[in-house]
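Thank you for asking me to look over this structure.

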Amino acid sequence: MASGSVTCGFILVFLWLAINCGDAAWIYFYVQAEIHPNPHNAINKTQSGWTGYEVMMFMFGFVWGLVNMIPFWAYFFSGGVSSGYGKSTLLNTLWTFWNIFVMFPVAVLMILCPFFGPFVGLSVAEKWAWDHGCDGYPISVIIDAQGYDAPPYYPNVAHYYLYNNPVYSYDIFQQSADFWSFGLRTVDSSTLSANESDPRYPSVHSIGYDFISNTITGNCTSPATGNTTTTPCISGSFNPANDYLSFNLADSRDNSSTSLRAVDKRWTFGSYAPNVILKDGNGRTVLRTDVTRRSDCTLLKVCIGRNDPGAETIAPIGLILLRQMDYAVYCTTPNDD
């Protein structure tokens, strides 16, 4: 009889620990899907599936936190602690320290984490992703879109960084109802500004987006003419809809062409910042959105896998900036409720 009771006890403890591990995995995949929604997986493939996953996680977490309270309540208030005390002062001191600095923190974590863990985990993960999400990529871009209450003369800017060093910035403006222009704003690197023949110099001066014909045109500068004279150099087309964002770009300077296509069909979301992974025809990742800044939803970081300032690293950023502008207004608009 005693052996059977011990076996049942071990089984219950094993199941309790296994469910806690399963809940930790539940939270982990939630956090990963929040900070890296692309490429989509079984969790966030559909909005309804993602909503169900999130709601069930919090409901289960609340209930399971209460379940986790039971063994610790029994331990601390039903004789579990006092049973460890003996006649030795040293052992009693060690037992007290064990309960205060080990068992009590473990109890707090296991009771609170099933429900509050996603909030804490997401906060830490977003901070880490903002700081390190583009590690291993030569270029990172911080897209700075203005919120709903920003003055109309404040620019929407994309700041380019080469190995975390500022190099140049582009801004965007609307020329007409269906035509936007994404142009070079400043050269922020003293090395590049003093040497326009440097291959890292942003020779693509501006990109134009025609949303009627979904075509792209671009002007470039050259070291021979300086950055005050531009000539047409980029042409192509793009598909901006939530139907696999794509670009087909041609550069007349070297007769090169580049095709980019999103990994997932959808890349814009009403209540989320734009998220996309763009790959070239060889399957290499050219661009990947990272995360918005935890304390400022108007800032979005983008990772770029090439260190040359060609059309394939400029044209997609302008379109992502446009969609981040929409999200920045959404996330900064006060809730009237």
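The points below begin with the basis of the model and then take up the cysteines and the cores.

1. This is a predicted model, in which local features need pLDDT of at least 70 and side-chain atom pairs count only at pLDDT 80 or more, while totals for chains, interfaces and linings use all residues. Residues are numbered from 1 along each chain as its sequence is written, and side-chain values use heavy atoms, with hydrogens and water left out.

2. Taking a disulfide as a pair of cysteine sulfur atoms within 2.5 Å, the count comes to three. With bonded cysteines counted along the chain, the disulfides follow the pattern 1-5, 2-3, 4-6.

3. C134 and C303 form a disulfide with their sulfur atoms 2.0 Å apart, and the torsion about this S-S bond is about -85°, so the link is left-handed. The two cysteines are 169 residues apart, C134 lying in the loop between α3 (89-132) and β1 (139-144) and C303 in strand β12 (residues 296-304); helices (H or I, at least four residues) and strands (E, at least two) are DSSP runs, numbered from the N terminus. C134 is buried at a relative accessible area of 9%, and C303 is buried at 0%, where buried means under 20% relative accessible area, exposed over 50% and partly exposed in between (1.4 Å probe, protein chains only).

4. C220 is joined to C233 by a disulfide with an S to S distance of 1.8 Å, and its torsion of about 70° about the S-S bond makes it right-handed. C220 is in strand β6 (residues 215-222) and C233 in strand β7 (residues 226-239), 13 residues apart, and both cysteines are buried.

5. The sulfur atoms of C297 and C331 are 2.0 Å apart in a further disulfide, which is right-handed, with 90° about the S-S bond. This pair links strand β12, which holds C297, to helix α5, which holds C331; C331 counts as partly exposed at 26% relative accessibility.

6. A nonpolar core is a set of buried Ala, Val, Leu, Ile, Met, Phe, Trp, Tyr and Cys residues joined through side-chain atoms within 4.5 Å. The largest one has 50 residues, of which Y160, F182 and I317 touch the most other members, and helix α5 (residues 311-332) gives the most to this core, with eleven residues. Apart from it lies another core of 17 residues, including V31, I35, Y53 and V291.
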